[in-house]
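Colleague: I am new to this structure. Please walk me through how to read it, one feature at a time.

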Amino acid sequence: MANETINDPRLEEGVWTTGPDGELIPDYESTFPTINEGEVVNGTVVRVDKDEVLVDIGYKSEGVIPVSELSIRRSVNPADEVSVGDEIAALVMTKEDAEGRLILSKKRARFEIAWKAIEAAHEQGDPVTGRVIEVVKGGLILDLGVRGFLPASLVDIRRVQDLDEYLGQELKCKVIELNRSRNNVVLSRRAVLEDERKEMRQAILDKLNPGDVVEGTISNIVDFGAFVDLDGMDGLIHISELSWSHVNHPSEVLEIGQKVEVKVLDIDRERQRISLGLKQTQTDPWQQVLESYQEGDVVQGKVTKVVTFGAFVEILPGVEGLVHISELAQHHVENPREVVSQGDDVNVRILEVDAERRRLSLSLKRVEDGMPIQPKPGAEAAPPTIDLSEDVFTDEPAAAAAEAEVVVEAEVVEDNVIVEDTLVAEEEVEAEAEEPVAAAEPAEAEPAESETEPASD
């Protein structure tokens, strides 16, 4: 009988097995899959509750996924993650807990699957794709099945001002750092964008040459200059190439998003760098100085800075000259601020023009009254300065009337009688006419007395 039991074909089919007493009993265990803790299994969602999800994996009991094991997101709603009928992968955490339940984890299954994919992509240099689920200090968190960190500086080629606009978007990034022991994944979207634009950058470099004038958009402003987007590639305008005049910070001249025309100064094709100039597309004010002014001219200017050794005066936008302390006034000056202040409008005389060193020597004390002021380029000449005393405009006309040759008659109506008056000058003329007659009388009397003397003899 024992041999018959052993040779029973039903035992080979895994349907029956022998019990403790040797009798045949249904082989239920053989109908269930063999699972081990830490293994990833596939199943179907059969129920979704507010705090757990039940999954049929074909085992003797349904697996339970607690809400904390559904997603790497924090505080999720199970209904937002899965629906009844969904086929999902889950990792076996515990075959039987204290209550005899099979405990599964969806997020850990995703983690294991995702980690293998991330490792492969990292080794091959391929990008990975994930959805932005959080905006944190310093960057973004992407759901890759693993929490991936994307630093703010690597979100785009140019710095992003508002990271919130990326929330919910799917981004393609490269894995630049991977640490399994710390579950740390660091990403770079900028690397992907740079790869995509590599061919475009090369095309831009191939068509550009030093001396070309091109149009671009200000993409970023930093302390040392400004970056210009040239339709896919950034070039740098150094702060010294922004303006012919001194610039303290690039933001004084430019703003992000502004359209500009720039000149290509240099191209480093090996390092893919372009040096640009903004001031080269503008008129060089020094050329205007050489064409419009010469030594000895008096020009108008504004004091831009007062220093211990003198004062700087701007005579044209971008052109400043130095008035040395010895040229500020006729008298000795201990402190230039005794004579001028920043912002003063002054007339100065050009002493020397050094075109090679782009320097001007000016003088304040050598400007004399009445000197003509040279106009600025494009303006009409200013009239000469005339220093008139207030005495010229006195209210007493007697002195001028005394020299007048024209007699002005005025009619004065007084008590209904018209009286004709003349100016004092007319009376003086009559008085002068009478004086020679009085002076001639003694001269005529002397001969009369001499003639009578012989008669007495």
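Colleague: How many helices and strands does the chain have?

Modeller: First, the basis. This is a predicted model, in which local features need pLDDT of at least 70 and side-chain atom pairs count only at pLDDT 80 or more, while totals for chains, interfaces and linings use all residues. Residues are numbered from 1 along each chain as its sequence is written, and side-chain values use heavy atoms, with hydrogens and water left out. Now the elements: helices (H or I, at least four residues) and strands (E, at least two) are DSSP runs, numbered from the N terminus. The chain has nine helices and 24 strands.

Colleague: What share of the residues in the chain is buried?

Modeller: Buried means under 20% relative accessible area; exposed means over 50%; partly exposed lies in between (1.4 Å probe, protein chains only). Of the 457 residues in the chain, 33% are buried. The surface itself comes from the Shrake-Rupley method with a 1.4 Å probe; for residues, only the protein chains shown count as cover. The chain's accessible surface is about 29,000 Å². Carbon and sulfur atoms hold 47% of that surface.

Colleague: What part of the contacts joins residues 24 or more positions apart?

Modeller: Contact means heavy atoms within 4.5 Å. Take the contacts with a separation of 6 or more: residues 24 or more positions apart account for 56% of them.

Colleague: Which strands close into a barrel with β13?

Modeller: Two strands pair if DSSP finds at least two bridges between them. Here five strands close up in the order β13-β14-β15-β17-β16, with mixed pairing. Neighbouring strands of this sheet are turned by 50 degrees against each other on average, direction ignored. Such angles use axes, which are lines fitted to C-alpha atoms (for helices, over the stretch in contact); they run from 0 to 180 degrees between N-to-C directions.

Colleague: How does β13 pair with β14 and β16?

Modeller: Start with β14, residues 225–229. Five bridges join it to β13, and the two run antiparallel. Ile-221 has Ala-226 in β14 as its bridge partner. The two strands form a hairpin, with two residues between them. On to β16, residues 259–268, which pairs with β13 in the antiparallel sense over five bridges. There Thr-217 stands opposite Lys-259, and Glu-215 faces Glu-261.

Colleague: Which residues of α5 are buried?

Modeller: Arg-189, Val-192 and Leu-193 are buried in α5. They cover an arc of only 95 degrees around the axis, so they sit on the same side of α5. The arc is that of the directions from the helix axis to the C-beta atoms. The cover over the buried residues of α5 includes β8, β10, β11 and β12.

Colleague: How many aromatic pairs does a search of the whole structure find?

Modeller: A pair of aromatic rings is described by the distance of the centres and the angle of the planes. Rings of Phe, Tyr and Trp (its six-membered ring) pair if their centres lie within 6.5 Å; planes under 30 degrees apart count as stacked, over 60 as edge-to-face and the rest as tilted. The search finds three pairs. One of them is Phe-111 with Trp-115, stacked at 5.5 Å centre to centre and 20 degrees between the planes. Both residues lie in α4 (residues 106–124), four residues apart, about one turn of the helix. Phe-111 and Trp-115 are both buried.

Colleague: Why is the pair of Phe-309 and Phe-312 edge-to-face?

Modeller: Their planes stand at 85 degrees, with the centres 6.2 Å apart, so the pair is edge-to-face. Phe-309 is partly exposed, because its relative accessibility is 38%. Phe-312 is partly exposed as well, at 23%.
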